[in-house]
Amino acid sequence: MLSEEQLCQNYEKYRNLLYQTSHNANNELESLFDHFGNRLVLCPASSKQQLHSAFPGGLIDHSLRVLKNALRMIKVAPDVFSDIPEESVIFASLAHDLGKLGDLDNERYLMQDNDYYRKRGNVYELNTSLAPVYETSLFILQNFGIKMSYQEWQTISSIDNQSHVDSKYDLKEIPLVLLVNQADRLSCYQEKIQQNNSLSLG
């Protein structure tokens, strides 16, 4: 769990990093932040403790970790990733899971009322009426008029999208897609370890 201070710090860092990109040329991002407000601050990154970051503020915490890991990977493999614009790395890392908010009116993760499921780590109940996360992420960005490069669009559309796992894409991913997907997987793994450690100690 994050403290109120950590929630605020993460939100400010997340927002400031996105504001530094050209995606806010006409205050489009500001409109997005105004619309979602506390829903963005408190959104988890998953519904179950066995997955990752299933706690208030988990989405932003996870997204910041993805960016941190992506920047580390660029340093480790500059021959593969050094030509990617830093702005695209920031934007794709921080916006890749926006669809976890739900749509404009409905949340994706609803508080779990059933004690049986809560005791088994199902902290949230999924709103199954919503489109997949990657589709909703792109819808949210489009709705607020946030323009992105084709590579950024490809990257966000590839997160958890089975069609991109098809063999016809093997070893053909553009570097930004490869970078953010690998940083995302690594972050989820780190968060699972962190979660398991806190559960065993608690």
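Reader: Is Asp61 buried or exposed?
Author: Asp61 is buried, at a relative accessible area of 16%. Buried means under 20% relative accessible area, exposed over 50%, and partly exposed in between, with a 1.4 Å probe and protein chains only. This is a predicted model, where local features need pLDDT of at least 70, side-chain atom pairs count only at pLDDT 80 or more, and totals for chains, interfaces and linings use all residues. Residues are numbered from 1 along each chain as its sequence is written, and side-chain values use heavy atoms, with hydrogens and water left out.

Reader: Which residue forms a salt bridge with Asp61?
Author: Arg65, with the closest N and O atoms 3.8 Å apart. A salt bridge here is a side-chain nitrogen of Lys or Arg within 4 Å of a carboxyl oxygen of Asp or Glu.

Reader: Where do Arg65 and Asp61 sit?
Author: In helix α4 (residues 58-76), 4 residues apart, so about one helical turn separates them. Helices are DSSP runs of H or I, at least four residues, numbered from the N terminus. Arg65 is partly exposed at 22% relative accessibility.

Reader: What else is linked with Asp61 and Arg65?
Author: Glu191; the three are linked in a network of salt bridges.

Reader: Other topic. How many salt bridges does the structure hold?
Author: It holds 4. One of them joins Arg15 and Glu12, at 3.1 Å between the closest N and O atoms. Both lie in helix α1 (residues 4-19), 3 residues apart.

Reader: And Asp97 with Lys100, buried or exposed?
Author: Both are buried. Their side chains meet in a salt bridge at 3.3 Å, N to O.

Key. Helix = DSSP H or I, 4+ residues; strand = E, 2+ residues; numbered from the N terminus.
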